[in-house]
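Open the model in a viewer and keep the selection tool at hand. The stops below say what to select and what is there.

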Amino acid sequence: MAAPMTPAARPEDYEAALNAALADVPELARLLEIDPYLKPYAVDFQRRYKQFSQILKNIGENEGGIDKFSRGYESFGVHRCADGGLYCKEWAPGAEGVFLTGDFNGWNPFSYPYKKLDYGKWELYIPPKQNKSVLVPHGSKLKVVITSKSGEILYRISPWAKYVVREGDNVNYDWIHWDPEHSYEHSRPKKPRSLRIYESHVGISSHEGKVASYKHFTCNVLPRIKGLGYNCIQLMAIMEHAYYASFGYQITSFFAASSRYGTPEELQELVDTAHSMGIIVLLDVVHSHASKNSADGLNMFDGTDSCYFHSGPRGTHDLWDSRLFAYSSWEILRFLLSNIRWWLEEYRFDGFRFDGVTSMLYHHHGVGQGFSGDYSEYFGLQVDEDALTYLMLANHLVHTLCPDSITIAEDVSGMPALCSPISQGGGGFDYRLAMAIPDKWIQLLKEFKDEDWNMGDIVYTLTNRRYLEKCIAYAESHDQALVGDKSLAFWLMDAEMYTNMSVLTPFTPVIDRGIQLHKMIRLITHGLGGEGYLNFMGNEFGHPEWLDFPRKGNNESYHYARRQFHLTDDDLLRYKFLNNFDRDMNRLEERYGWLAAPQAYVSEKHEGNKIIAFERAGLLFIFNFHPSKSYTDYRVGTALPGKFKIVLDSDAAEYGGHQRLDHSTDFFSEAFEHNGRPYSLLVYIPSRVALILQNVDLPN
């Protein structure tokens, strides 16, 4: 591990190194002003920024700029020419020969050889037929044939394939030549002020025991998302993957939208329809690793283990049983950056959630690491700066092509400056996932009695984020719902969800507790936990059970690989209460914009009373987590004088509450200092209730 730069060794050397770093990185001074504790690591930021700048310069000198470099899909793969011929290009540095075969030539493996070019590239031009008819029709099957240096004949799918399908019982994908025309009807929505994300998986979006389609999602799920007040969809498991139960994390074809759910045009229609509703769409992009499949994946494409990946042990992720990209390779940078651009331009996604960023950032891939927060963990030899540089290049490309695009890092390590601008030496992401928050809620529900919940610990977890590095807060995502764990609703109510969710039966203590805490947990996470909010589909209404895809271990059952939206449509079931609360919570945020406001001021976290109170975006949030005590005339501090009214009450009838509050009540703050606030007011706050009060003297 490299030692940090410290003034204690030789002050003159420290100052010289610091000044050199400040000179090389345009806005590094701003980063060090925000966080002076990063000063000893200024040379690390300098090295990272210089590596990024040098690669960008090299791309400019050798490829005509990143704009041209990131258009690899326009030449690599198979393309119909204006004259009716076919142009084909591949990168296979370890191949002895490359050929194209398919339906069009009766699967003769060697009748169409590629010509070898420099730098491991191969190209083929097939002239048009004399009658000008299409040589390789849309929808026909193709394969690249590789002859390896060891003499093997390998049938491969082009890494640039745009559509692959499985037929019948075939375990491998077939490459389908896909060449339709498509146009969009709706423009991209403007970047939302606040980000409210509905994390979705197309395949499980139906209540039926089958793989749902893009069409189904477009017609049935998009209207629900719009109605709930979400303004962003994060689509998971879209890039083609071999194993359905991997949740999309074993990518075989990076440019192909998964054919499990339908055609590329139907995915384009989904995105276009979302745009017509004012909803932006993010893609869960997996550039952290790839499937080990060789027959229908990137692995061993040219007969060597080092074509797209590191050779030897460094090229394999032992925990995930997958291959790891060699991010320093010129052609792999072209491939991955072109892949980013492809999804932005061909499907018009509005940004990305980058999966597995922690694995990319470190040579140890985060395996067995606790990440205490000590800054030495984020610098030095354990950091894979080639991967970090790739992420900087990817963010640079995304924000250059579409300035309103959004990028989110799935990083559990908490690397400093990952979400700072590249000009400061940062990674350039817009947001990171606040991954400690769902872990905290699960820990509380699993390990602590309600009366032992620590208010200070909850507040710390929800507010512990780096200044000016935005976070996406969430109470639970798909990770918490997957088999081996349970959703929050199931942790709270468990088996009683099967028998006691009818409104025709009285509340049981378990269901009452579960419904009230479910609302409170989600609201305090929404209000206090970040600058964006995420919910996994179905969890807004307390979807029962867990998520488990068909596999051998469950007899290929789809029973848990579905979302039972009909439960919230049934007026006789209590799921509707949680759905209503989620909807109104989002709509209230749209009105007041607390996610876009500065961090909240927490005025109270009382351990005995189990009260948390904070102010954000001119609203006063009050939570009573006590399992049994209600408080009359409870004094709460505020920064504002004037009259307050209730704008959200988790105890309201439409949310399955006990209606203990009169919404016509006016609350007046007085010049009575309390908990560090110049004014305060008295409220009635019942047990297990969350309130939001608005100062009506302020403009909405």
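## First stop: a loop residue

Select Ala-617, which is partly exposed because its relative accessible area is 30%; buried means under 20%, exposed over 50%, and partly exposed in between (1.4 Å probe, protein chains only). Ala-617 sits in the loop between β23 (611–616) and β24 (619–624). Helices (H or I, at least four residues) and strands (E, at least two) are DSSP runs numbered from the N terminus. The phi angle of Ala-617 is near 55°, a positive value in a residue other than glycine.

The model is predicted: local features need pLDDT of at least 70, side-chain atom pairs count only at pLDDT 80 or more, and totals for chains, interfaces and linings use all residues. Residues are numbered from 1 along each chain as its sequence is written, and side-chain values use heavy atoms, with hydrogens and water left out.

Now select Glu-556, in the loop between β21 (532–536) and α15 (566–569). Phi of Glu-556 is also positive, near 55°, in a residue other than glycine. With a relative accessible area of 45%, Glu-556 is partly exposed.

## The whole chain

Zoom out to the protein chain, which has 16 helices and 29 strands. Its radius of gyration is 27 Å, close to the 27 Å that the globule rule gives for 700 residues, so the chain is as compact as a globular protein of that length. The radius is taken over C-alpha atoms, and the rule is 2.2 Å times the number of residues to the power 0.38. Along the principal axes, the C-alpha trace spans about 85 × 75 × 45 Å.

Of the 700 residues in the protein chain, 59% are buried. Among the contacts (heavy atoms within 4.5 Å) with a separation of 6 or more, 71% come from residues 24 or more positions apart.

## Aromatic pairs

Show the rings of Phe, Tyr and Trp (its six-membered ring): they pair if their centres lie within 6.5 Å, and planes under 30 degrees apart count as stacked, over 60 as edge-to-face and the rest as tilted. A search of the whole structure finds 50 aromatic pairs.

Select Tyr-214 and Tyr-261: the ring centres are 5.4 Å apart and the planes are at 85°, so this pair is edge-to-face. The pair links distant parts of the chain, 47 residues apart, with Tyr-214 in helix α5 (residues 214–228) and Tyr-261 in the loop between β13 (251–257) and α6 (264–276). Tyr-214 counts as buried at 0% relative accessibility, and Tyr-261 is buried at 2%.

Next, select Phe-623 and Phe-625, a stacked pair with 6.1 Å centre to centre and 10° between the planes. Both Phe-623 and Phe-625 are buried.

Which residues does Ser-603 touch, not counting residues up to four places away in sequence? Select Ser-603 in strand β22 (residues 601–606); the residues it touches are Ala-613, Phe-614, Gly-637, Asn-675 and Arg-677. Ser-603 counts as buried at 10% relative accessibility.

Finish at Tyr-390 in helix α9 (residues 385–401). Tyr-390 is buried, with a relative accessible area of 0%. Not counting residues up to four places away in sequence, Tyr-390 touches residues including His-287, Tyr-327, Leu-333 and Phe-354. The C-alpha atoms of Tyr-390 and Leu-333 are separated by 7.2 Å, although the two are 57 residues apart along the chain.
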